[in-house]
Structure formats: C-alpha cells, structure tokens
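Subject: Structure handover

Dear colleague,

I am passing on the structure that we talked about, and below it you will find notes on what was found in it. Please keep the model open while you read.

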Amino acid sequence: MEPIKTTVEELKKTLDADVVVLRGLPGSGKSSFSKAIENQKVIVCSADYYHMVDNKYVWKKENAGKAHSSCLFDFISNITGMIQNDFVLKIIVDNTNTTMSEIETYLKIATAYDLKTAVVCFNVSPETSFKRNIHGVPVKTIARMSENLEKSRRHLLACCKRLGIEYYEIDGE
C-alpha cells in the first residue's frame, strides 16, 4: 500500500472518513488541521486537553499516561454515543501517534465499529518541528519521535491495508 500524497486544503475538501487519526511531530500542523475543520460537526480527542490548566498548556511527565487514557476514553465515549444515538460526526484523534502502540488501538476500535477510518500523517523535519512546536518539546525528544515515526511507518501502512484504512501524507514543510 502506498500513502496518498495530498495537501491540507485538498484533504479538507475530500476527506469523508468518520474517524481521522492524525500523526506527526509537534508543530507539524495536526492541531491547525483539526481547528480548520471543526465547524463540520467534528469532535477532536487529544491528550493535550488533559494538560490544559486555566487555558494554559502545562505538561507534566507524570501525567502523560493519564492524558492518553483520557483521550482514549473520550474517543470511545464519542463513538458509542454516535452509534447509540444514530448521528454522524467526524471524530479526530489529534496526538503525535509516533508508535504503533499509540495509534493501533484507535484504528482497531474504529474498524470494530465499522467506521470509515483514515490516518493522516503530517511530515516535517525535526528541525521544523523544534522551531514550530508550542509545547517546548526538547530537540532530543523530537529526534526520538521522528525516528519512531519512520520506524513504524511500514508496519502502519501494512496495518491500514489489512484494516481497509486510507493513509494520507501531507508535506508540512
């Protein structure tokens, strides 16, 4: 399976998935994309929301696991609510999702509910990520995340093919 190369503008017009799982380095454009399509009956699930304190992002390492658990809970709650109440939304998972263990759960849950699902990877260099990221993620962490993205790409493409999930890539440079 080859990824579908696209642009943000084109994807905003053509993406018709019920569930969209974003992945990419900090500062790659994931949250900007989510905000750009929020007016289209979209619910965004993000671990970042857990770190918001008085409208400020306050990241603490000890809360990282809780933040991702909270995001997964929101994701499942929104899917079950959508199905139980028979209404259609677009659910976006806005996390870095740099490893298979971070992304695979979302994909399996979405496909178990027979929801049309897409993965969108925002590709930027570690240097661009470091310049743009608003969370102060250290350069060493970004470099490790970049390596994880690349290492998991082939496996993720195979997983998407097996599950019937579209995989898009956007050059965010």
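The axes of α4 and α6 come within 11 Å of each other and cross at roughly 5 degrees, where axes are lines fitted to C-alpha atoms, for helices over the stretch in contact, and angles run from 0 to 180 degrees between N-to-C directions. The two helices α4 and α6 are therefore roughly parallel to each other, a term that covers angles under 35 degrees. Helices (H or I, at least four residues) and strands (E, at least two) are DSSP runs, numbered from the N terminus. Met100, Ile103, Glu104, Leu107 and Thr111 on the α4 side meet Ser152, His155, Leu156, Cys159, Arg162 and Leu163 on the α6 side, contact meaning heavy atoms within 4.5 Å.

Before going further, please note that this is a predicted model, in which local features need pLDDT of at least 70 and side-chain atom pairs count only at pLDDT 80 or more, while totals for chains, interfaces and linings use all residues. Residues are numbered from 1 along each chain as its sequence is written, and side-chain values use heavy atoms, with hydrogens and water left out.

Leucine 107 also reaches elsewhere: leaving aside neighbours within four places in sequence, its contacts are Val21, Thr117, Val119, Leu156, Cys159, Leu163 and Ile165.

The structure holds two aromatic pairs, that is, rings of Phe, Tyr and Trp (its six-membered ring) whose centres lie within 6.5 Å. One of them joins phenylalanine 75 and tyrosine 106, 5.0 Å centre to centre with 80 degrees between the planes, which makes it edge-to-face (over 60 degrees). Because phenylalanine 75 lies in helix α3 (residues 64–84) and tyrosine 106 in helix α4 (residues 100–112), the pair ties together parts that are 31 residues apart in sequence. Both phenylalanine 75 and tyrosine 106 are buried, meaning under 20% relative accessible area (1.4 Å probe, protein chains only).

As for the strands, six of them form an open sheet in the order β1-β8-β7-β2-β6-β3, with parallel pairing, and two strands pair if DSSP finds at least two bridges between them. The edge strands are β1 (4–6) and β3 (42–45), each of which pairs on one side only.

Within this sheet, six of the seven residues of β7 are buried, so β7 is largely enclosed by the rest of the structure. Six bridges link β2 and β7 in the parallel sense, and six bridges also join β7 to strand β8 (residues 166–171), again in parallel. Cysteine 121 stands opposite glutamate 169 in β8, and glutamate 169 is buried, with a relative accessible area of 3%. Not counting residues up to four places away in sequence, glutamate 169 touches Pro3, Ile4, Lys5, Thr6, Cys121, Asn123 and Arg153.

With best wishes

How values were computed. Rings of Phe, Tyr and Trp (its six-membered ring) pair if their centres lie within 6.5 Å; planes under 30 degrees apart count as stacked, over 60 as edge-to-face and the rest as tilted. Buried means under 20% relative accessible area, exposed over 50%, partly exposed in between (1.4 Å probe, protein chains only). Angles under 35 degrees count as roughly parallel, over 145 as roughly antiparallel, 65 to 115 as roughly perpendicular and the rest as oblique.
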